[in-house]
Amino acid sequence: MTTSTGNDARRQQLSDEAAAYARELIISGKLRPGEFIRLDHLASELDMSVTPVRQGLVTLRGEGFVRLEPRRGFIVSELHEEDILDMFSVQSFVAGELAAYAAQKITPEQTTRLGTIVSDIEAAAKSSSVSDAEALAHEFHEVVTQAAGRPKLAWIQHVTGRYEPRRFYAGLEGWEQLSTREHRAIFDALKAHDHDSARELMRIHVKHLGQLVARNFLATSQRTRQEE
């Protein structure tokens with residue numbers, strides 16, 4: 001028998017999923033500023049009812065990604081290249097601190113796991129399995145966060161990471177080469193317990209990701225305006 005608490009948790013999960021999906025559509029430029037968001041379309045794409053989609057957009061309204069206009073519904077707010085760079089700048093600082101702590105505390109088992117992930121990323125890149133490389137890259141960062149053992153920082157990273165798209169890195173030009181090269185360098189620093197290098201390399205890595213996302217957003221926006 002499903003409890004009310006279980007139902008509430010499920011509804012919140014669906015709402016968070018809808019918010020994350022819509023947020024990524026906006027950051028990727030697939031939903032444009034001024035565009036009316038069709039709740040039924042999003043619900044269909046996510047295979048869920050309209051209710052959690054609406055709740056997810058309420059969350060995005062609080063974050064400034066959308067606005068609610070009477071009798072019209074949710075509309076995408078203005079977003080600029082520098083907004084994306086600002087988001088990743090904050091994320092890079094937190095990620096760098098976590099990497100520095102991880103370099104000091106990482107266990108042999110975690111080091112082995114990261115080494116395997118890095119090798120798998122390189123193999124996926126060679127075989128053009130970019131979606132696999134993308135999933136492995138996210139796993140790499142999760143292991144680093146676990147190794148850091150700093151739950152409050154991890155929570156801050158989770159909050160700031162909500163603005164980091166997780167589903168379309170593989171489609172960004174230059175991401176594959178950046179991911180392969182920079183994850184290997186970060187791993188080498190972690191393995192050597194070099195916390196200063198780990199911090200700096202991780203910060204640079206996340207900033208580079210932000211530059212790729214911002215460049216993609218700008219190109220998509222310009223292409224859309226030309227097509228209109």
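A salt bridge, as the term is used in this talk, is a side-chain nitrogen of Lys or Arg within 4 Å of a carboxyl oxygen of Asp or Glu. By that criterion, Arg199 forms a salt bridge with Glu97, with 2.9 Å between the closest N and O atoms.

Before I go further, a word on the source. This is a predicted model, in which local features need pLDDT of at least 70 and side-chain atom pairs count only at pLDDT 80 or more, while totals for chains, interfaces and linings use all residues. Residues are numbered from 1 along each chain as its sequence is written, and side-chain values use heavy atoms, with hydrogens and water left out.

Let me begin with the overall architecture. The protein has 9 helices and 2 strands; helices (H or I, at least four residues) and strands (E, at least two) are DSSP runs, numbered from the N terminus. In order from the N terminus, the elements are α-α-α-β-β-α-α-α-α-α-α. Of the 228 residues, 43% count as buried, where buried means under 20% relative accessible area, exposed over 50%, and partly exposed in between, with a 1.4 Å probe and protein chains only. Among contacts with a separation of 6 or more, 77% come from residues 24 or more positions apart, a contact being heavy atoms within 4.5 Å.

I return now to the salt bridges. The whole structure holds 11 of them. The pair I opened with links distant parts of the chain, since Arg199 sits in helix 9 (residues 195–227) and Glu97 in helix 4 (residues 81–105), 102 residues apart. Glu97 counts as buried because its relative accessibility is 14%, whereas Arg199, at 21%, counts as partly exposed.

Which other residue meets the side chain of Glu97 in a salt bridge? It is Arg203, at 2.6 Å from N to O. Arg203 also lies in helix 9, so this pair ties together parts that are 106 residues apart in sequence. Arg203 is partly exposed, with a relative accessible area of 22%.

Arg199 has a further partner in Asp196, at 3.2 Å from N to O. Here both residues lie in helix 9, 3 residues apart, about one turn of the helix. Asp196 counts as partly exposed at 46% relative accessibility. Through shared partners, salt bridges join Glu97, Asp196, Arg199 and Arg203 into one network.

My next topic is a helix pair. Helix 5 (residues 108–126) and helix 6 (residues 130–148) pack at an angle of about 165°, with their axes 9 Å apart. Axes are lines fitted to C-alpha atoms, for helices over the stretch in contact, and angles run from 0 to 180 degrees between N-to-C directions. Helix 5 is therefore roughly antiparallel to helix 6, the term applying to angles over 145 degrees, with under 35 roughly parallel, 65 to 115 roughly perpendicular and the rest oblique.

Among the residues making this contact are Leu114, Ile117 and Ile121 of helix 5 and Leu136, Phe140 and Val143 of helix 6. By class, the contact has 12 nonpolar, 2 polar and 4 charged residues. Ala, Val, Leu, Ile, Met, Phe, Trp, Tyr, Cys and Pro count as nonpolar, Asp, Glu, Lys and Arg as charged, and the others, Gly among them, as polar.

Finally, Gly149 lies in the loop between helix 6 and helix 7 (151–161). Gly149 is partly exposed, with a relative accessible area of 43%. Gly149 and Leu98 are 51 residues apart in sequence and 8.3 Å apart in space, C-alpha to C-alpha.
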